[in-house]
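Have the structure up while you read.

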Amino acid sequence: MRVLRDALGPLKDREQVAARLLESSARHSFDPDRELDWEAPAEDGKWFWPPELVSLYGTPLWRTMPEEQRMDLARHEAASLASLGIWFEIILMQLLVRHIYDKPVTGNHVRYALTEIADECRHSMMFAKMIQKGGAPAYPVPRFHHNLARVLKTVSTTPGSFAATLLGEEILDWMQRLTFPDERVQPLVRGVTRIHVIEESRHVRYAREELRRQMVTAPRWERELTRLTSGQAARVFSVCFINPQVYENVGLDRRQAVAEVRASGHRREVMRTGARRLTDFLDDIGVLSGPGRRLWKSSGLLA
């Protein structure tokens, strides 16, 4: 039997990887409705998102804002990120269903994909409930990007789907790993991010293993298309990351806030640091090359 290899070494058997992920799912899956105290009131003086991860942190505008307004912005940005997470997870669920449509229904690989879809359903409902409990509105992505994603998820190839999956998962995962241990943050937000980090680690493993396989086995045109579409997805992601309506909703000038975020060296470093584990991986397996690399750089996620 020929063993597939890439720059990272031999690829593991797809069914064995899925079997281990299914075992982990059986041991470490959560029901947010039972696991979290949704009735507890928000605690005074605690943030809904770590201040260092708030988009305006460290800017001249941030320095003029009173603490109460800073905390209010963090609450709205937490709602914006949760809304973005739901959008991505709905896309991901559709991509996973397409991925397994032609595959053996009794195999571990398909069983794990269905398990992940069930996880994502719970996550989306959990995020929606967190938005409601926080008292901020939901923040949909702009209509243009919402419809652009409709096209991309319809025409996406298999490697393109898994590259986009990792983009939607890994940067938010990095931020959430900083959030759930942070005692300055509201207990409910910490509980939500803890559940998401634990369950999402399996989703990242599944997507990474499959993307490696696809970048070895897919025809050349499909690999080249993946390089382009992943770069375009990175640009969409960076534009949609925080809905600028959050600034108006906390009493700030929208244009000034957006301009200061774009000029912020701290914010640029946060986004690149959050993406670094992903971009290093994509670079290793040959996704970040050619015009696609230039798109990634223009997104601000790659130095």
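## Cysteines, pockets and a helix

Cys240 is buried, at 6% relative accessibility, where buried means under 20% relative accessible area, exposed means over 50% and partly exposed is in between, with a 1.4 Å probe and protein chains only. Keep in mind that this is a predicted model, in which local features need pLDDT of at least 70, side-chain atom pairs count only at pLDDT 80 or more, and totals for chains, interfaces and linings use all residues. Residues are numbered from 1 along each chain as its sequence is written, and side-chain values use heavy atoms, with hydrogens and water left out.

Cys121 is partly exposed, with a relative accessible area of 35%. How many disulfides does the structure hold? It holds 0, counting a disulfide as a pair of cysteine sulfur atoms within 2.5 Å.

On to the pockets. A pocket here is an open set of points on a 1 Å grid over the protein atoms alone, where a 1.4 Å probe fits and protein lies on both sides within 12 Å along at least five of seven lines; lining residues have an atom within 4 Å of a point. Points are joined across faces, edges and corners, and the volume is the space filled by probe spheres set on them.

| Largest | about 630 Å³ | Ser238, Val239, Val261, Arg262 and Ser299 |

The largest pocket is lined by 19 residues, with at least two each from helix 9 (220–240), helix 11 (254–263), helix 12 (265–284) and helix 13 (291–299). Helices are DSSP runs (H or I, at least four residues), numbered from the N terminus. By class, this lining splits into 9 nonpolar, 6 polar and 4 charged residues.

Elements giving two or more of them include helix 4 (67–100), helix 5 (108–134) and helix 9, while helix 7 gives the most, with 8 residues. The class count for this lining is 17 nonpolar, 11 polar and 5 charged.

Finally, helix 1 (residues 14–27) has 14 residues and reaches 20 Å from its first C-alpha to its last, close to the 20 Å expected at 1.5 Å a residue. Its buried residues are Val17, Ala18, Leu21, Leu22, Ser24 and Ser25. Seen down the axis, the buried residues of helix 1 fall within an arc of 160°, so they line one face. On the other side of helix 1, Ala26 and Arg27 are exposed.

How values were computed
Ala, Val, Leu, Ile, Met, Phe, Trp, Tyr, Cys and Pro count as nonpolar, Asp, Glu, Lys and Arg as charged, and the others, Gly among them, as polar. The expected span of a helix is 1.5 Å times one less than its number of residues. The arc is that of the directions from the helix axis to the C-beta atoms.
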